[in-house]
Amino acid sequence: MPSRATRRTQAIARQIMTNSATHEQPLVLFESRLSVRTFKLNRPSKLNSLNESMIDLLQSKIEFWRNSELCSVIWGTGEGRAFCAGGDVQIVAEDASDPATRNRAIGFFNKEFGLDYLLSTLDKPYIAIMDGTTMGGGVGLSAPASFRIATENTVFAMPETKIGYCPDVGANHYLTRLDGELGTYMALTGDSLSGRAVFEHGLATHFIPSRRVPILLESISALETPTFDQVNDIIEEHRSEPEQPGTFASPLVGSVRAALDFAFRHDKVEGIVQDLDALSDHRDPSISQWASKTMKTLNLRSPTSLKVALRAIRRGKTQSVMQALEMEYRIAAAFCNGASPDFKTGVNFALVEKIKTGRPNWSPATLEDVTDEIVDRFFDTDSPYLKSMPEFKYPFAPGESRDYTEYALPTETAIRDMVTGEHPNGGDTGITLDELVSSFESITDSKMGVREKVQEVAARRCGLIDNADGNLVWLKWNHNPQLPK
């Protein structure tokens with residue numbers, strides 16, 4: 001029987017022969033439109049999942065555009081029904097299982113993360129069109145964008161714990177900047193958000209109908225030297241209002257959202273599970289159903305991945321994009337070096353055998369059996385699984401990452417600061433709900449979704465100082481009337 005390396009070489013040769021025979025187009029298509037430069041991921045049969053060749057093509061072109069005075073805007077999209085479904089982890093897991101090719105697997109992550117960091121340092125507008133599946137490596141390409149466009153087709157997730165791995169591509173920086181514990185929830189469960197909900201929670205800066213994307217590209221291409229604000233204004237002109245004004249598309253609002261933030265506040269996965277178990281008997285059926293479903297979801301995930309992911313996302317809260325990527329590179333190297341068998345197990349279960357139901361044979365099989373010593377393998381510099389790892393190298397001179405939240409809906413933290421009088425554009429304490437909404441509409445030039453976002457947060461996190469003047473007060477958890485009992 002041929003060796004694993006031989007089988008892989010034969011598979012690559014067959015793929016090259018197939019590509020030649022079918023005259024397949026390039027894996028990434030590039031185009032110039034006046035001052036706009038576009039890339040289109042062109043691997044639709046694989047949902048535009050990234051392989052090493054695609055990363056090399058993107059790295060070279062985007063670094064050139066970054067330094068080109070003729071390029072004012074970078075535009076990224078995908079062919080077919082996905083922006084990008086992730087990295088081609090099946091080949092990576094295969095490489096990682098053979099000592100002869102293990103460094104090649106680790107090298108894939110080095111290249112991927114280097115590209116993600118390059119995108120985060122662009123000093124010109126970068127627009128990512130998340131029209132379709134946007135997961136894993138696709139999040140790495142879109143999360144750093146100053147403008148992230150969601151459509152009705154967008155499905156956003158970081159599903160790594162499903163395959164015995166851990167969220168990467170900078171997710172431990174980006175997800176921790178979401179409101180409350182939403183990022184923790186997404187990192188551990190791997191659950192997805194769709195359509196307008198991706199915009200409502202700040203993962204996208206704008207929401208427009210898919211049919212308007214080509215018109216948007218034409219409008220932006222017509223600008224000679226567009227500024228960030230000009231690009232934002234044009235995207236806003238193509239926005240899509242909700243069918244029912246004043247409502248949220250996301251199910252993760254109100255009492256369910258309060259329950260989510262309550263359960264996922266812990267630094268131990270066991271604490272999260274314990275709270276979810278208690279909430280599954282909550283008197284509010286929306287909370288109990290959500291908690292029961294989330295409990296079942298976590299039970300399907302790799303226990304090792306859950307604990308590694310939770311430690312990583314807690315550390316990511318204080319890390320820059322660069323620091324998060326460097327931490328994630330060490331975690332990826334540890335997985336490739338055998339710190340856990342779950343990566344290969346999960347990839348084989350989900351992507352090779354394509355089993356749709358049941359639970360992979362995780363090892364260890366329970367949370368209780370995943371000790372701190374096992375989790376330390378992925379983080380401690382003295383870990384035997386990290387000592388021989390190749391050094392993480394940036395393919396370009398590191399720069400400063402942009403604020404990717406600038407054009408998104410206001411965060412819960414910003415709303416809190418406005419209520420407490422700590423916001424730089426606010427006044428002293430003492431503000432009504434109408435004044436709160438008006439303040440953020442003024443700051444954002446009446447951005448679509450601002451009113452709904454501010455009202456939802458205020459309803460969940462604020463009370464009244466007194467009924468006479470209607471001034472709001474920011475409530476602590478133990479005073480929140482919607483906090484699960």
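# Close-ups of a predicted model

**View 1. Around cysteine 336.** Leave out residues up to four places away in sequence, and cysteine 336 touches Ala96, Arg102, Ala105, Ile106 and Phe109 (contact means heavy atoms within 4.5 Å). This is a predicted model, where local features need pLDDT of at least 70 and side-chain atom pairs count only at pLDDT 80 or more, while totals for chains, interfaces and linings use all residues. Residues are numbered from 1 along each chain as its sequence is written, and side-chain values use heavy atoms, with hydrogens and water left out. Cysteine 336 sits in helix 15 (helices, H or I with at least four residues, and strands, E with at least two, are DSSP runs numbered from the N terminus). Is cysteine 336 buried or exposed? Its relative accessibility is 2%, so cysteine 336 counts as buried (buried is under 20% relative accessible area, exposed over 50%, partly exposed in between, with a 1.4 Å probe and protein chains only). Leucine 141 is 195 residues from cysteine 336 in sequence, and their C-alpha atoms are 22 Å apart in space.

View 2. Now look at tryptophan 290: not counting residues up to four places away in sequence, tryptophan 290 touches Tyr185, Leu252, Val256, Ala259, Leu260, Phe264, Leu276 and Leu279.

View 3. How many aromatic pairs does the structure hold? The count is 18 (rings of Phe, Tyr and Trp, taking its six-membered ring, pair if their centres lie within 6.5 Å; planes under 30 degrees apart are stacked, over 60 edge-to-face and the rest tilted). Phenylalanine 108 and phenylalanine 109 make an edge-to-face pair, 5.7 Å centre to centre with 80 degrees between the planes. Both phenylalanine 108 and phenylalanine 109 are buried. Another edge-to-face pair joins tyrosine 174 and tyrosine 404, at 4.8 Å centre to centre and 85 degrees between the planes. Tyrosine 174 lies in helix 6 (residues 171-174) and tyrosine 404 in the loop between helix 17 (372-376) and helix 18 (412-420), so this pair ties together parts that are 230 residues apart in sequence. Tyrosine 174 and tyrosine 404 are buried as well.

**View 4. Charges over rings.** Lysine 61 lies over the face of phenylalanine 30, at 5.2 Å from the ring centre (for this, NZ of Lys or CZ of Arg must be within 6 Å of the ring centre and within 35 degrees of the ring normal). Arginine 265 does likewise with phenylalanine 262, at 4.3 Å from the ring centre.

View 5. The strands come in the order 1-2-3-5-7-10, with mixed pairing (two strands pair if DSSP finds at least two bridges between them). Strand 1 (28-33) and strand 10 (206-207) are at the edges with a single partner strand each, so one side of each has no neighbour in the sheet. Strand 5 (residues 126-130) and strand 7 (residues 147-150) run parallel, joined by four bridges. Across them, isoleucine 127 stands opposite phenylalanine 147, and isoleucine 129 has isoleucine 149 as its bridge partner. Strand 7 also pairs with strand 10 in the parallel sense, over two bridges, and there isoleucine 149 faces histidine 206. Both faces of strand 7 are covered: Phe147 and Ile149 are buried on one side, Arg148 and Ala150 on the other.

View 6. Strand 8 (residues 155-157) runs antiparallel to strand 9, with two bridges between them. Look for valine 155 opposite serine 194.
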